[in-house]
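Please look over the sequence and the model shown here before reading on. The paragraphs below are meant to be read with both in view.

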Amino acid sequence: MSDTPFGFGLPPEEPENGDEGKKKDQQSGGGQGPANPFGFGLSGAGGLGGPGADNPLAAMFGSLNPADLGAAFQQLGQMLSYEGGPVNWDMAKQIARQTVSQGTPDGVKDASVGPAERSAVQEAVRLADLWLDDATSLPSGAGSAVAWSRAEWVEATLPAWKELVDPVAERVGAAMGDVLPEEMQAMAGPLIGMMRSMGGAMFGTQIGQAVGVLAGEVVGSTDIGLPLGPAGKAALLPLNIEAFGKDLGVPKDEVRLYLALREAAHQRLFAHVPWLRSHLFGAVDGYARGIKVDTAKLEDVVGQFDPQNPEQLQDALQQGMFQPEDTPEQKAALARLETALALVEGWVDAVVHAAAKPRLTSADALRETLRRRRATGGPAEQTFATLIGLELRPRRLRDASRLWASLTDARGVDGRDALWAHPDMLPTATDLDDPDGFVHREQLDFSELDKMLGEAADGTGEKPNLKKGDAGDDAKGDGTE
């Protein structure tokens, strides 16, 4: 065994010839002076890992220059020192910003939004709100209109992604400890802690990459049917709008205005249906609670875990470790979520079409393009499906849009929008199968119901337990309580 610990060479003895010996020694490359105390063979201008250099770090990090090596150590330190929640969101934000800065596959780089683009977005949202006044009884929900760069979209939407992803990541973090036998868990405390830290970092890396890619695709803050941005702020991304309309053969102003109609319609719905946001996020959380981690795959990862090869954990995340429970509760949670997303997107689709059709010659073409875009999804949506076991996609968008349009014809704008007063009043998945049956079903007289509730409250202090079935046919469409 070497007498020098860790293989770090000791400084050579003082040469017999004094200063001349030093010069000769340095010119011949022999020995190791204080300028290179670690013995890693720095080669002139070549940095680490140069030709002929004995670089023991090359096997771990490859041929990195000192700056890259420092970044690698910094990232490893972040992984091992993280002690927060199930996802390292600081790392997610960092990775998302890096992904955005690299640009999209077509070579388009992110850019700051100029005054002219900001003004165009504000004007488009203002005009969109005027047109929507004729198409819905819900008032404007956008207190302001903003034009975002891709990086600004990342910053503004990360809180919403945290709310969506943390429940699933929490399950994975718990499962990492559960796969070890109980007798080993006490002894493996530090290892479990390290794995959870690295798991949080790996999740953060994957989420950051997905958010960064999605930032290059989205055109607003509500593209996936969920309110990702701050409440009351209609947001559009001019750079992505330009890319979206590039090959459509539609004037840029019309594309911007149509997308502003969709953004403004979403804002009205989420602003004036106060229970809707929590309903949607609750449905995502309810579905996540029914997902089980593939413990067999996780056990295999843990059993072969090598601290020097953290990519194993990342590969497992990329391949997906989630298996939906095949139970009635899980199926019901999935149905609720898919129906809720379809109803939101279907309402927006119907309302925007009603507002745009008489005014924009390209309304039909833009509507079909966006429908197909939502139906197919993109790489980032597929990444989220792998990471959280769920595709945030309205599978029955066309059915829901037809139902809302039929409701408009049968009950008018006010009667259609009144259904958003309570989640129990909305159509169900069964109603999407039979939209005509739901549309023409006997309705409750809501004004009379309000009067009855008020009288009951004045007389007894309690409201009666009225069900929709008390007014005739069940408004849910399945004939059951």
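The model is predicted, and local features are described where pLDDT is at least 70, side-chain atom pairs count only at pLDDT 80 or more, and totals for chains, interfaces and linings use all residues. Residues are numbered from 1 along each chain as its sequence is written, and side-chain values use heavy atoms, with hydrogens and water left out.

The protein chain contains 20 helices and 4 strands, where helices (H or I, at least four residues) and strands (E, at least two) are DSSP runs numbered from the N terminus. Of its 481 residues, 44% count as buried, a term that stands for under 20% relative accessible area, with exposed meaning over 50% and partly exposed in between (1.4 Å probe, protein chains only). The accessible surface of the chain amounts to about 24400 Å², and 52% of it belongs to carbon and sulfur atoms; such areas come from the Shrake-Rupley method with a 1.4 Å probe, and for residues only the protein chains shown count as cover. Among contacts between residues at least 6 apart in sequence, 76% join residues at least 24 apart, contact meaning heavy atoms within 4.5 Å.

The largest nonpolar core has 90 residues, of which Trp153, Trp161, Leu276, Trp347, Trp404 and Trp420 touch the most other members. Its largest share, 13 residues, is supplied by helix 14 (residues 328-356). A core of this kind is a set of buried Ala, Val, Leu, Ile, Met, Phe, Trp, Tyr and Cys residues joined through side-chain atoms within 4.5 Å.

Which residues does Trp420 contact, leaving aside its neighbours within four places in sequence? They are Leu269, Val273, Trp275, Leu276, Leu343, Val344, Trp347, Trp404 and Leu426. Trp420 itself sits in the loop between helix 17 and helix 18 (429-433) and, at 3% relative accessibility, is therefore counted as buried. Although Trp420 and Val273 are 147 residues apart along the chain, their C-alpha atoms are separated by 6.5 Å.

Arg416 belongs to helix 17 and is buried, with a relative accessible area of 2%. Apart from neighbours within four places in sequence, Arg416 is in contact with Ala135, Thr136, Trp347, Val351, Trp404, Leu407, Thr408 and Arg411.

Not counting residues up to four places away in sequence, Phe281 touches Ala160, Glu163, Leu164, Leu226 and Pro227. Phe281 and Leu337, 56 residues apart in sequence, are 8.9 Å apart from C-alpha to C-alpha. Gly290 is found in the loop between helix 11 (276-289) and strand 3 (291-293), where its 15% relative accessibility makes it count as buried. The C-alpha atoms of Gly290 and Lys331, which are 41 residues apart along the chain, are separated by 9.2 Å.

Helix 17 also takes part in a helix pair. The axes of helix 15 (residues 363-376) and helix 17 (residues 397-417) come within 11 Å and cross at roughly 135°, the axes being lines fitted to C-alpha atoms over the stretch in contact, with angles running from 0 to 180 degrees between N-to-C directions. The two helices are therefore oblique to each other, because angles under 35 degrees count as roughly parallel, over 145 as roughly antiparallel, 65 to 115 as roughly perpendicular and the rest as oblique. Helix 15 contributes Arg367, Glu368, Arg371 and Arg372 to the contact, and helix 17 contributes Leu397, Arg398 and Ser401.
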